[in-house]
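Reader: I've got a model open and I'd like to learn how to read it. Can you walk me through a few features?

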Amino acid sequence: MSAFTPASEVILRHSDEFSARRVLFAGDLQDTLPASFEAAEVRAHTMQYHHWQQLQRAMGDRAQFALLADADTVAGCDTLIYYWPKSKQEAQFQLFNLLSLLPVGCEIFVIGENRSGVRSAETLLAEFASLNKIDSARRCGLYHGRLDKSSGFTLDDWWQEYDVDGVPVLTLPGVFSRDGLDNGSQLLLSTLEAHSKGKVLDIACGAGVLAAAFAHRSPKIRLTLSDVNAAALEASRATLALNQLEGEVIASNVYSDIGGRFDLIISNPPFHDGLQTSLQAAEMLIRGAAAHLNIGGQLRIVANAFLPYPALLDDTFGSHEVLAQTGRFRVYKAVLARAAKKRA
């Protein structure tokens, strides 16, 4: 089995074209192709912290994790290889940022799985570059063109706001439930009774809506929010600031950068990485919770009812409780007792 995604395999079919180019990889990078890619120079920009962690080990400063690409990262690049994400809004946000920095005449390659909607790249970029499909393989499409004119980009234009139970939420493209609170998070929020105090960790925090709404009910709790998505981290900081709430916001692949112990860990954990189903993050969340909870502390998560989390909870904590459920979602609670199994 290839170590690369189907999209990267298609790029490798054209590898001879890039040997003399100065290449910038960006978008939904899900493997380490940039680290081994043969070109005159290779750099990478990603909004996903766990993807950056993989790339940074081999690429060092040539790999950037940030909400926006900056001029230093893009400087000197004459070719963009962009991996199309599952969200068209996210693609537009990232590409307009990149095309505001890249030089006119820059070669543009856009690659993505057909089911991701990569076909819309042609119309999305029509004002700035004329793209043509040059390859179709591995259920992916590869598009090529040249930058005819730079795009404009101002971050302030991309913010969106909505309200949850009187709590204003700020969010950006690429953040989960950008247009409003999803049903699963709403169900989890309905189970969060007011706490007089305690340390609370919100993993996969998105726009910070769960933490902000909970803090309104429990003003003395101490908040830590984490996510792998740079847009989510920026949105969480903005949501906390808008609500005059204090909290630490950390880029972390589940517990990779989290220290200390908490009284409550809450999460609506993702079960996709890009378009692919992946339970890895949720399994890391559950199994690692015991090492990050105080005795008597609890993990409270919401998940689709069909996902196999009850067995993981029982294996880690010894037991669990279903606090609420609908036809689609369940909210699970597990408490760390002294006799509970602990796994880092």
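Reader: How many of the residues of strand 9 (residues 167-171) are buried?

Author: Five of its five residues, so to read that you need the cut-off: buried means under 20% relative accessible area, exposed over 50%, partly exposed in between (1.4 Å probe, protein chains only). Strand 9 is mostly covered by that count. Strands here (E, at least two residues) and helices (H or I, at least four) are DSSP runs, numbered from the N terminus. This is a predicted model, with local features needing pLDDT of at least 70 and side-chain atom pairs counting only at pLDDT 80 or more, while totals for chains, interfaces and linings use all residues. Residues are numbered from 1 along each chain as its sequence is written, and side-chain values use heavy atoms, leaving out hydrogens and water.

Reader: Which residues point which way from strand 9?

Author: Val167, Val169 and Thr171 go one way, Pro168 and Leu170 the other, and all are buried.

Reader: What does strand 9 pair with?

Author: Two strands pair if DSSP finds at least two bridges between them. Strand 8 (residues 160-164) and strand 9 have five, in the antiparallel sense. Aspartate 163 sits opposite proline 168 in strand 9. The two strands make a hairpin with two residues between them, and aspartate 165 in the turn has a positive phi of about 50 degrees.

Reader: OK, helices next. Which residues of helix 3 are buried?

Author: General idea: an α-helix has 3.6 residues a turn, so residues three or four places apart point the same way. In helix 3 (residues 49-59), the buried ones are Tyr49, His50, His51, Gln53, Leu55 and Met59. After helix 3 comes glycine 60, with a positive phi near 60 degrees.

Reader: And where are the domain bounds?

Author: Bounds come from an automatic or database domain assignment. Here that assignment gives domain 1 (6-153) and domain 2 (159-336). Their C-alpha centres lie 31 Å apart. Counting contact as heavy atoms within 4.5 Å, 18 residues from domain 1 and 20 residues from domain 2 take part.

Reader: What area is buried between domain 1 and domain 2?

Author: Buried area is the accessible area (1.4 Å probe) that two parts lose on being put together, summed over both. Between these domains that's about 1,600 Å², with carbon and sulfur atoms giving 56%. Tyr49, Leu67 and Lys86 supply 30% of the area that domain 1 buries against domain 2, more than any other three residues. Helix 3 and helix 5 (88-99) each supply at least two residues of the side of domain 1 that touches domain 2. The largest share of that side, four residues, comes from helix 3.
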